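I opened the notebook to look at one protein chain.

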Amino acid sequence: MMSNGTSSALNSEQDLASIPMAGGGLSRLAIARLKRAGVPVAPLLRRVGLTPEAIAEPEERLSVRSQIALLDEAAIALKDDCLGFTLARDHDPREIGLLYYVMASSQTLGDGLKRVARYSQITNEALVVGYREGNRLVVSLSYSGVPRHSDRHQMEFCMFGLLRICRMLTGQNIVPQYFSIAHYRSEGISEMARFVGTKVEFGADKDEFALNLDARELPLIHADPYLNDLLLKYCEAVLADRRGDVSQLRTRVENAISSMLPHGRVLVEDVARSLGMSKRTLARRLSDEGLSHTPPTICIVHC
């Protein structure tokens with residue numbers, strides 16, 4: 001089972017070679033909402049390790065974990081447990097910046113979604129957008145470098161916000177075949193279902209929604225091939241300049257352990273099995289990535 005030092009080691013950011021950063025657009029939307037409601041923001045920012053100066057500077061990038069914590073605090077202060085959904089429903093998508101314009105200037109919805117999937121980590125290093133075609137068009141979201149269980153509001157903003165943008169850019173009231181979110185929720189579900197046009201499944205295996213396959217051919221009303229070419233060249237240059245991706249094995253282990261904790265003991269064999277590898281392979285992978293079996297990195301011990 002886990003030692004007493006394991007939990008603090010797993011929750012420490014000090015052992016991460018790279019802390020995922022975000023453009024901070026969502027944080028600034030939340031702060032604007034707080035200010036309109038007359039809520040003092042300085043104490044809230046201190047609690048999550050941010051400063052008014054960082055929020056005031058549009059080019060200042062923020063850690064994704066700080067953004068997640070800020071949204072939690074803002075939801076409490078605003079008494080809005082569905083803050084991510086509220087912001088997704090009400091904001092001007094142009095405020096998010098680059099990804100919106102990359103998508104909006106594309107020729108078709110399929111093209112736009114493929115480009116969001118390719119470039120999402122430019123604006124939020126933790127966010128991984130997936131796009132796949134089969135019998136239907138499926139858009140999925142997941143995290144890299146940030147434990148999924150740590151967040152509700154950012155994921156809800158991204159899921160509902162992306163569907164809203166699909167509708168805005170096509171001029172069509174697109175209704176997904178299904179819409180699923182991994183975390184659990186008991187309040188606000190009916191309002192979210194009305195917005196989506198179908199049931200929103202919480203506590204699902206994945207964060208994703210599916211559209212009819214022919215939706216990929218829907219033309220976008222703001223398509224601009226010249227602007228799109230310029231933006232794609234810029235995005236490709238940014239991707240080329242990014243430092244090499246650091247391993248996210250630690251987060252996968254953390255997510256596996258967190259899902260087992262409610263059931264009692266956590267055995268290293270069970271963690272390895274949930275990751276699709278043997279105990280020996282897991283130990284080797286941890287070693288290869290420079291993650292030892294003792295704090296301050298990752299500590300998994302036998303019962």
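The entries below go from the whole chain to single residues.

**Entry 1. The chain as a whole.** I noted at the outset that this is a predicted model. I looked up the secondary structure and found 14 helices and 7 strands in the protein chain. Next I checked burial. The chain has 303 residues, and 48% of them count as buried. The chain exposes about 14,900 Å². Carbon and sulfur atoms supply 51% of that area.

**Entry 2. Contacts along the sequence.** I took the contacts between residues at least 6 apart in sequence. Of these, 69% join residues at least 24 apart.

**Entry 3. Cysteines.** How many disulfides does the structure hold? I found 0. Cysteine 166 has 0% relative accessibility, so I logged cysteine 166 as buried, the cut-off being under 20%. Cysteine 235 also comes out at 0%, and therefore counts as buried.

**Entry 4. Aromatic pairs.** I searched the whole structure and got 6 aromatic pairs. One of them joins tyrosine 100 and tyrosine 101. Their rings are 5.1 Å apart, centre to centre, with 80° between the planes. I logged this pair as edge-to-face. Is each tyrosine buried or partly exposed? Tyrosine 100 is buried, because its relative accessibility is 10%. Tyrosine 101 is partly exposed, because its value is 33%.

Entry 5. I moved on to phenylalanine 179 and phenylalanine 209. Which strands hold the two residues? Phenylalanine 179 is in strand 5, residues 178-181. Phenylalanine 209 is in strand 7, residues 207-212. The pair therefore ties together parts that are 30 residues apart in sequence. I checked burial here too: phenylalanine 179 and phenylalanine 209 are both buried.

How values were computed
Residues numbered from 1 in each chain as written. Predicted model: local features only at pLDDT ≥ 70, side-chain atom pairs only at ≥ 80, totals over all residues. Heavy atoms only, no water. Disulfide = S-S within 2.5 Å. Buried < 20%, exposed > 50% of the residue type's maximum accessible area, 1.4 Å probe, protein only. Phe/Tyr/Trp six-rings, centres within 6.5 Å; stacked < 30°, edge-to-face > 60°. Helix = DSSP H or I, 4+ residues; strand = E, 2+ residues; numbered from the N terminus. Contact = heavy atoms within 4.5 Å. Areas by Shrake-Rupley, 256 points an atom, 1.4 Å probe, with all protein chains shown as cover.
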